[in-house]
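Hello,

I am passing a structure over to you, and my notes on it follow below. Please have it open while you read.

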Amino acid sequence: MILSPDQSLALTKLEAAHRSQQVSVLTGPAGCGKTTLVRALAESLRGRDIVYAAPTGKAAVRLRDVTGADASTLHSLLYPMVEEGPDGELVFGGKKRRISPNTTVIVDEASMVDERLHSDILAQLPTGARLIYVGDREQLPPVKGEWGPNFSEPTAVLTEIHRQAQGNPIIAISARVRAGEDLPSDASGDAYNRSAGSVDAVARWLVEHLRRGIDAVVLAWRHQIRREINRLCREKLGFTGGPVVVGDRLKVALNNDLLGRMNGEIVTVREVASAVDGLRVAVVGPEGRETHALVAPRYVGGNVGPFRDFASAWELRNPQDPLGRKAWLHVDHGYALTVHASQGSEFEAVAFVLDGATRDLRRRKPEDARRLIYTAVTRARSKLRVVDVA
């Protein structure tokens, strides 16, 4: 592995900190080579048990893809129970699991780790165990609470954009946003486009991309816009036979360890059949694995609390079912996501809705808006469309 001078210096700092400190923090913007450095660091820590983790299921899947190593969610590392709150925050519970002394835990997408989660991780670290946070301090902070990792005084900072990323227009745009500049109004080939439009036009854009087999998504700040685009996409795809039909795109909204589906994962419905109290479905994730589960139509897109009450009541009525309440998968439609919910994910093509409320946020809280827009821009791998909606 050939490291740049920027990465080599950061590696030296992290190795030194690892020997003497329990917690280290690596930060850097998109395109600076954090993943490459993490692989080099893991290679240098031979003899240690390296555990990779991320705050969400989608981020864990991506971490697994880029490192080639197994990765889990922080919840499965620490907690037997997890749920997603109404604002997209993760709510953890149950007796926490202890981390072994010879373990180094590397947590990616650490900007999503709040003070409470950070405290819970520290409480499970015995003497000898180490924790390394990796994240982008320019992204959105946790939905509720302040950062747990010390991004103000990190152990190492990467600043140099990798040569491979320098020619990527999206990386250049993210650098502009990071510096407090507006999103460009001019197009940059097929990679970037900005125009005025409607939510209906955004839905058409997404449907066209999905029909061509392109991994695409719409991102918005507000749930109201997200729900409307989800509705329009399903309408344009002809999915009018109920809240879940064959071909539907769903977002898993609650971790289900027994079914092997994690919060934030995007799955496609392959089969739907009627069942007592709901629907029996088969869904397929991007990794190609098929999962059979029950879905309650009335709770699709709803808050976790009422769904959890329903599943618990069903378990009491059906004690013979081996999965119990875990037979039920809590889902929402996954054509459009909030920017907060997209953290830890990457998509080939992204359309970002810049509506009136988001523009107003830029006037009232420019720093919050800058982080929101930066996070949205950096979800796109190769194609970004910004749509100014009235």
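Two aromatic rings of Phe, Tyr or Trp (its six-membered ring) count as a pair here if their centres lie within 6.5 Å; planes under 30 degrees apart make the pair stacked, over 60 edge-to-face, and the rest tilted. By that rule, ring pairs join Tyr299, Phe310, Trp314 and Trp328 into a cluster.

Before the details, some housekeeping. This is a predicted model, in which local features need pLDDT of at least 70 and side-chain atom pairs count only at pLDDT 80 or more, while totals for chains, interfaces and linings use all residues. Residues are numbered from 1 along each chain as its sequence is written, and side-chain values use heavy atoms, with hydrogens and water left out.

Now the rings. Searching the whole structure gives four aromatic pairs. In one of them, Tyr299 and Phe310, the ring centres are 5.2 Å apart and the planes stand at 35°, so this pair is tilted. Tyr299 sits in the loop between β14 (290–295) and α10 (304–317), and Phe310 in helix α10, so the pair ties together parts 11 residues apart in sequence. (Helices, H or I with at least four residues, and strands, E with at least two, are DSSP runs numbered from the N terminus.) Tyr299 and Phe310 are both buried, where buried means under 20% relative accessible area, exposed over 50%, and partly exposed in between (1.4 Å probe, protein chains only).

For Trp314 and Trp328, the centres are 5.5 Å apart and the planes at 80°, so that pair is edge-to-face. Trp314 belongs to helix α10 and Trp328 to the loop between α10 and β15 (331–333), 14 residues apart. Trp314 and Trp328 are buried too.

What about disulfides, meaning cysteine sulfur atoms within 2.5 Å? The whole-structure search finds zero. Cys32 is buried at a relative accessible area of 1%, and Cys233 is buried at 0%.

Finally, the cores. A nonpolar core is a set of buried Ala, Val, Leu, Ile, Met, Phe, Trp, Tyr and Cys residues joined through side-chain atoms within 4.5 Å. The largest has 28 residues, and Leu183, Leu219 and Leu384 touch the most other members. At least two residues each come from α7 (169–178), β10 (216–220), β17 (347–354), α13 (366–377) and β18 (380–389), with α13 giving the largest share, six residues. Apart from this core lies another of 22 residues, among them Val199, Ala203, Phe239 and Tyr335.

Best wishes

How values were computed. Disulfide = S-S within 2.5 Å.
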